[in-house]
Amino acid sequence: MPNSNSKLHRHPRGGREAGRRELVTRSLQSAQHCLEDQDFGTAYAHYLLVLNLAPELKTSVKETFQFTLFKWAEELDSLARIPDLFNCYEQALELYPNDEVICNSMGEHLFRENFYRVANWLVERWHFVMLNDSKRNLTYLRAIQNAVHSGCNSVLDIGTGTGILSMFAKKAGASSVYACELSKTMYELARDVVAANNMEREINLLHLKSLDLEIPRHMPERVSLVVTETVDAGLFGEGIVESLIHAWEHLLLQPKPKHQDASAGDYGRVIPASATVFGMAVECREIRKHHRVETQEVAGVCLSNAVQFFSPTYACAGSEETVEPYTTEKLSRVPGGYIPLTEPCQVMTIDFNDLQELKSLAARKPWKLSLPVTEGGILDAVVVWFVLQLDDEHALSTSPSEETCWEQAVYPVQGCLDYSVKAGDTVVMEVCCQDCYLKIQKISSLPPECGMDLGGRGDPLSSGNEAELCHALAGLQTTSKQDGSSQVCVLESTEIALLNDVPYHECFKAAMGKVLLSLNPGKDLQSMDVDGHGGEANLPESQSKASPDEIPDPLYILDVSEGFSILPIIAGKLGPVRAYSSVEKEQHQAALNVIAEANHFPKETLEFWLSHLEDESVVLQRPKSDKLWSIIILDVIETSGLIQQEVMEKAAISRCLLHSGGKIFPQYVLVYGMLVESESLLLESAVQGSEPTLGFNVAPFINQFKVPVRVYLDLSTLPCLPLSEPAELLRLDLMNPLLNSSSREVKVQVCKSGRVTAIPFWYHIHLDEDHSLNTSEESSHWKQAAVVLDEPIPVEVGEELLLEVQHHKSNLSITVKR
């Protein structure tokens, strides 16, 4: 480790200077102690403080700071904390701009990580879809042209992204254009785009949040037009209300008085001018699958009524935490489709040119909304979209019936006793705007016998009926509330989908039972409770009454799969085992304990492994010095469709820790893929030339961040034309590494003429030779991924394409060799 003893230069200043020197000295000492203890994260934080307080020390502590940064970066990398890792590098480069050593180290991490994981983090994928949306771009261009031609000569673009709206304003003839962007990556990208379009001297780009803009520090005077598209699927989620309140108060000219003729340039205005939000109740199996646990028993394990599972969207209802209260879906492509249970109704309108209306929005009390049920079914969610009125002539809709770059906001229904509705019922909910989000909560249904006149379709209820509805709602909510003794467990939507994946758990149960039976000869599977109905201690009667000396030693099972997993409990019902879970969250551990108790487990059957470990990196070590694992369960495939990081390294360690006859699950994985033609994948992966961006030169710059692999796909709804049959591309063997190869060439025969634009891939996960899971099955909780080609390849029926498939450090690459 380099020497980090640095001396401070003494400056005879007042008490404040003495305090600064003392703080710097203490921080340097603390950093040194942390380095000695190998606490690199805390040491790095101390050095950041020192270098910000005492820039004069940059040279003297540079070497030690670099050492600390690299060690901390390695630790973050091992924990897969990729955003934190690159935040550290950005902080370091702000202190040491263009430092070759730091840049090289950052480059190594970029190379080591899947580049597409990093690029996905740096530039959101929706930028590509949005820039390929010709209708959206043209509508904004025309609205901006109208405003500038009517006299709005000074323009501020809030959240400029690639700078395209600013360039629209300049092209329309605005005399002065300012653009602000908070993201460092997007700011630098916008600079390149603006320069490539010869507007770098005409558009003033600012690397700032709009709330930090000041006049005259950043702009000489107030502007007459603000343009922005800081809207998400739920309209308000990107902070448009807060930024426009600040703009009206500090950056914009005063609004034009109503019904008064005057030059537009004398007043301020905003594009978009207003928005109308719509909502509709739907039945959707896919939404239900990710937000409600639909079964009371999984592979013989009773999920006790004492545990209530919710997804984060329900957990935030009524919470003071700022949590996004909705998920998003492209409803036109949701697997299994959806059924509208109500007509669309108007939820609210907002005038972005009315400061008082913007300010009153957050302070407005929650209001009730009712939607008459027109089609019977299962109430799974309320979906929301909006119409963005740019000006009097131009509007954009994000409706599920429109072909648009936006998804819809989804508010899943949770916490009800009965989700079924019939025609004539009424779906009721509470609406409010809080923490920059539109919140729709307390969603439930009322039968027609409530006898209330609910007024017009979707209109807020009249005050006369509101008290009656509140009373009925209160009764309904009370019946759906959990018992006071219930254990509430909040799971990610992917974890809930996993709990609902019945074939997954049944497959593991059968494969684990097979291994345990082979290691416990003489015990039949029924006596080991494979049918899921065991008695005391999960042991056969002869064993439960046997003396301690006659009870066989337990077999040790370790589950290190990601997130919430009930596999250790399933294993515990199969016989005399000690099951170790790597579940970390206390809430999840408590829920598993309740489930274990409901299934009559003795306390020592289930252990939470990480609570015994000081260092998570040794999670695969032996449970006791004299014991080995009988089964180790590894997570091989991410829900997104990618291979888990460092899975082969974990498998290598696991093989050394197995009991004779013990197994790693899965034992091997087969990668399958096929050739497809998909215009959608092209549009979602890169900007397609300059035509969709109306002639502006944007594509070469944002496409630097295009990724070769698209994740979270569902092949059942992906708009594509299959051009080949599925083909086996690669084998990953966790039990027998000699069967693995890092590279393989596969010939794939074309069965339909077309253009190959992508190669979707998925997995057959073999727990053993008899039990496997297909990640492309309808019931699977996994999604699929696809390699998108740089250039489409024309093919004819009968042709063969040679694919080179490579696997290195959990990165899968597929290239076409002609």
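This is a predicted model: local features need pLDDT of at least 70, side-chain atom pairs count only at pLDDT 80 or more; totals for chains, interfaces and linings use all residues.
A crossing of two helices is called left-handed if the near helix is turned anticlockwise from the far one by less than a right angle, and right-handed if clockwise.

Residues are numbered from 1 along each chain as its sequence is written, and side-chain values use heavy atoms, with hydrogens and water left out.

Let's start with the overall picture. The chain has 23 helices and 37 strands; helices (H or I, at least four residues) and strands (E, at least two) are DSSP runs, numbered from the N terminus. Of its 818 residues, 53% count as buried. Buried means under 20% relative accessible area, exposed means over 50%, and partly exposed is in between, using a 1.4 Å probe and protein chains only. Now contacts, meaning heavy atoms within 4.5 Å. Among those between residues at least 6 apart in sequence, 76% join residues at least 24 apart.

Now, helix 8, residues 134-149. How do its ends compare with what we expect? The expected span of a helix is 1.5 Å times one less than its number of residues. For the 16 residues of helix 8 that gives 22 Å, and the end C-alpha atoms are 22 Å apart, which agrees. Several of its residues are buried, among them Arg-136, Tyr-140, Ile-144 and Val-148. What do the buried residues pack against? They meet helix 7 (126-131), helix 9, strand 4 (225-228), strand 5, strand 15 and strand 16. After helix 8 comes Gly-151, with a positive phi near 120 degrees.

Let's look at one of those neighbours. Two packed helices are described by the angle between their axes and the distance between the axes. Here, axes are lines fitted to C-alpha atoms, for helices over the stretch in contact, and angles run from 0 to 180 degrees between N-to-C directions. Helix 8 and helix 9 (residues 164-172) have axes that come within 9 Å and cross at roughly 40 degrees. That makes helix 8 oblique to helix 9, since angles under 35 degrees count as roughly parallel, over 145 as roughly antiparallel, 65 to 115 as roughly perpendicular, and the rest as oblique. Helix 8 passes helix 9 in a right-handed crossing. Where they touch, residues including Tyr-140, Leu-141 and Ile-144 of helix 8 meet Ile-164, Leu-165, Phe-168, Ala-169 and Ala-172 of helix 9. By class, this contact has nine nonpolar, three polar and one charged residues. For the classes, Ala, Val, Leu, Ile, Met, Phe, Trp, Tyr, Cys and Pro count as nonpolar, Asp, Glu, Lys and Arg as charged, and the others, Gly among them, as polar.

Val-241, Leu-244, Ile-245, Trp-248 and Glu-249 in helix 11 meet Leu-355, Leu-358, Lys-359 and Leu-361 in helix 14. That contact has seven nonpolar, no polar and two charged residues.

Next, some loops. His-394 sits between strand 15 (381-389) and strand 16 (395-397). Is His-394 buried or exposed? It is buried, with a relative accessible area of 13%. Leaving out residues up to four places away in sequence, His-394 touches Thr-139, Arg-142, Ala-143, Asn-146, Leu-388 and Gln-389.

Two prolines deserve a stop. The peptide bond from Ile-271 to Pro-272 is cis, with omega near 10 degrees, and Pro-272 lies in the loop between strand 5 (269-271) and strand 6 (274-283). The bond from Phe-665 to Pro-666 is cis as well, with omega near -5 degrees; Pro-666 is in the loop between strand 26 (658-665) and strand 27 (668-673).

Ala-299 has phi near 50 degrees and is buried at 7% relative accessibility. Leu-694 has a phi of about 60 degrees and is partly exposed, with a relative accessible area of 22%.
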